[in-house]
Amino acid sequence: MTAEEFAGQVRAAADAGFATAWSAQALGWDALTALAVAGAQVPGIALGSSVVPVPARHPLMLASQALSVQAATGNRLTLGIGVGIAMMTRTMFGLSAERPVARMREYLSVLRPLLRGEQVSHRGETLTAEGAVNVPGAAPPPVLLAALGPAMLRLAGEHADGVVTWMTGPRTLAGHIVPAVTRAAHAAGRPSPRVVAGLIVCVTDDEEGVRRRIAGEFGLAGQVPEYRAVLDREGVDGPEDVVIAGDEQAVVRRIRRLAEAGVTEFAASPYGDAREQERTLAVLAGLARSAQYSGPA
């Protein structure tokens with residue numbers, strides 16, 4: 001989409017009462033640049049990246065980008081980062097994807113001080129960093145970690161402000177994600193972590209048809225080892241089985257299950273034809289504005 005269309009989506013989300021506009025990092029718009037452009041035009045809504053893969057971004061560069069977004073948007077950013085899909089890291093960038101938890105641990109040890117404006121002098125196993133980042137008016141953003149496995153969840157609880165998940169169902173969130181990251185945070189003397197769960201949502205009269213479409217469009221994602229592990233833990237065949245789909249009542253009921261699982265924020269990715277997306281956004285906006293909803297939408 002164009003910059004104007006992206007800003008229009010953020011403006012529509014703000015007008016509908018949503019708490020946060022999240023931007024994924026794919027092969028088009030740079031997530032942080034897009035958030036800076038749209039956020040500078042649209043006040044009154046928080047912004048989040050979900051997520052920026054870090055292997056190709058040195059922490060000095062990422063800190064500069066994130067603090068620039070903060071300065072441009074009045075400090076509304078949540079910085080979601082991840083180690084990236086191993087296959088993409090190797091094939092697209094020609095970089096090592098070995099020992100992802102150790103790499104992320106070292107990356108966070110450099111990134112967090114840089115976000116606070118501190119001088120860093122680091123020569124480690126996987127990173128060298130020398131310098132500081134100074135962006136006037138920018139506050140350190142909260143940092144969330146894309147985490148699905150036990151070791152990465154422990155790291156998120158100990159050294160980040162929470163986790164962000166994708167394609168992870170309520171059983172896995174309640175029985176694995178939320179307990180693991182919360183236990184690690186409390187053991188480290190940190191506050192209870194944010195848990196942001198991202199899922200596709202579609203309000204529709206053709207639930208089975210939507211699930212068939214998702215299976216066709218997102219089936220390859222279900223074969224990626226990182227996502228295959230949480231789908232297996234959920235006990236499902238593929239991405240189509242964790243989609244939140246159905247009529248209005250069914251979708252509300254399934255979203256409420258996420259709050260019951262301990263999710264603090266639901267990052268909805270609306271899906272479907274024009275009519276399905278219109279219905280989906282109406283339901284999501286109602287939840288966002290409802291005082292009866294037990295967690296933020």
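Author: Let us begin with exposure, where buried means under 20% relative accessible area, exposed means over 50%, and partly exposed lies in between, using a 1.4 Å probe and protein chains only. This is a predicted model, in which local features need pLDDT of at least 70, side-chain atom pairs count only at pLDDT 80 or more, and totals for chains, interfaces and linings use all residues. Residues are numbered from 1 along each chain as its sequence is written, and side-chain values use heavy atoms, with hydrogens and water left out.

Reader: How many salt bridges does a search of the whole structure find?

Author: Side chains of opposite charge can pair when their charged atoms come close. A salt bridge is counted when a side-chain nitrogen of Lys or Arg lies within 4 Å of a carboxyl oxygen of Asp or Glu, and the search of the whole structure finds 15.

Reader: Which residue forms a salt bridge with Glu158?

Author: The partner is Arg105, with the closest N and O atoms 3.6 Å apart. Glu158 belongs to helix α6 (residues 150-159) and Arg105 to helix α5, so their pairing ties together parts 53 residues apart in sequence; helices here are DSSP runs of H or I with at least four residues, numbered from the N terminus. Glu158 is partly exposed, at a relative accessible area of 25%, and Arg105 is partly exposed as well, at 36%.

Reader: Are Arg57 and Asp30 buried or exposed?

Author: Both are buried, and their side chains meet in a salt bridge at 2.5 Å, N to O.

How values were computed: Helices (H or I, at least four residues) and strands (E, at least two) are DSSP runs, numbered from the N terminus.
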